[in-house]
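Here is my note on the structure below. Please read the points in order, with the model open beside you.

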Amino acid sequence: MVRSLAPLLLLLLVAAPGPVAPPAAASAATAFAPTRFTVEVVGSGPDVILIPGLTASKEVWRGTVAAVPGYRYHLIQVAGFAGAPARGNAEGPVVAPIAEEIARYIDANRLRRPAIVGHSMGGTLALMLAARHPQLVGKAMVVDMLPQPAELLGTSARNIRGLADILESVSGTGFGQNLIDSAVRMFGNDAPVNVKSDRDVVARAAHELALTDLTPELPRIRAPLTILYASPAASLAATADGVYRHAYAGDPAARLVRIDGSGHMVMADQPGRFAEELRRFLQ
């Protein structure tokens, strides 16, 4: 699993739910208008925030929403990804500011300790929210992401800085743009949408992820934490188990669940199993 993701991630370097909120909360979005993402609210019930990964569209969650009804889902679309205008992500850091804006969205809309589910980069955002805003998060699920994304390449945020800086520096060149486009086409199950992502936003977000290490922040998490991680082949299962156990040792209560026969896009590769684990998590 780690080896299978390494080429893709190297390329990309360039670049419990609470009570249902009162009806008024659904229209409260006018009190705070996010600039770094947009939100589509679907269904009714306890609040669940769904965050897609790097370059991805909110549509990656559409099958999940249909398969697990009974909740009010907040589908996040990151500005600059999948054809969405860059808006607030047009310059500077991307990932950490999005986490802060999602926290503000939760507070402004009076969502009562929603469940947070994030895939890949969305998993990093889920961890940031749970660690930095523990009072706002009811529970969190991270799908196929480590607290230190660079570990997926067998290195660390500290050691990868030089390479990440070099690769980011070529992101504005024709070569860098072609590299980003190639990486985006490899990523996810909605590649025709993903390739519409803003290359500059992708490059800055990927660079930020490469230098992120949330390991020291894991002990701050108070919400129940579930980690789903993929193992595409039986021969990689033991390695994946070891990597994830070590990475999340800072939260001994975290529930680690391996999804066999799946690549990075767990929701698409194993939709039935993913829906089963999501139901268990939300219940």
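1. Helices (H or I, at least four residues) and strands (E, at least two) are DSSP runs, numbered from the N terminus. Thr 124 is found in helix H4.

2. This is a predicted model: local features need pLDDT of at least 70, side-chain atom pairs count only at pLDDT 80 or more, and totals for chains, interfaces and linings use all residues. Residues are numbered from 1 along each chain as its sequence is written, and side-chain values use heavy atoms, without hydrogens and water.

3. pLDDT is the predictor's confidence in each residue, from 0 to 100. The protein chain has a mean pLDDT of 86, and 78% of its residues reach 70 or more. Residues 1-29 stay under 50. Residues 186-190 are also below 50.

4. Is Thr 124 buried or exposed? Thr 124 is buried, with a relative accessible area of 1%. Buried means under 20%, exposed over 50%, partly exposed in between (1.4 Å probe, protein chains only). Contact means heavy atoms within 4.5 Å. Beyond four places in sequence, Thr 124 contacts Val 95, Met 145, Pro 149, Leu 209, Thr 212 and Leu 214.

5. A nonpolar core is a set of buried Ala, Val, Leu, Ile, Met, Phe, Trp, Tyr and Cys residues joined through side-chain atoms within 4.5 Å. The largest has 51 residues; Met 121, Leu 225 and Tyr 248 have the most contacts inside it. H4 gives this core its largest share, eight residues.

6. Met 121 touches residues including Pro 52, Phe 81, Ile 98 and Ala 205. Apart from this core lies another, of 26 residues, among them Tyr 71 and Met 265.
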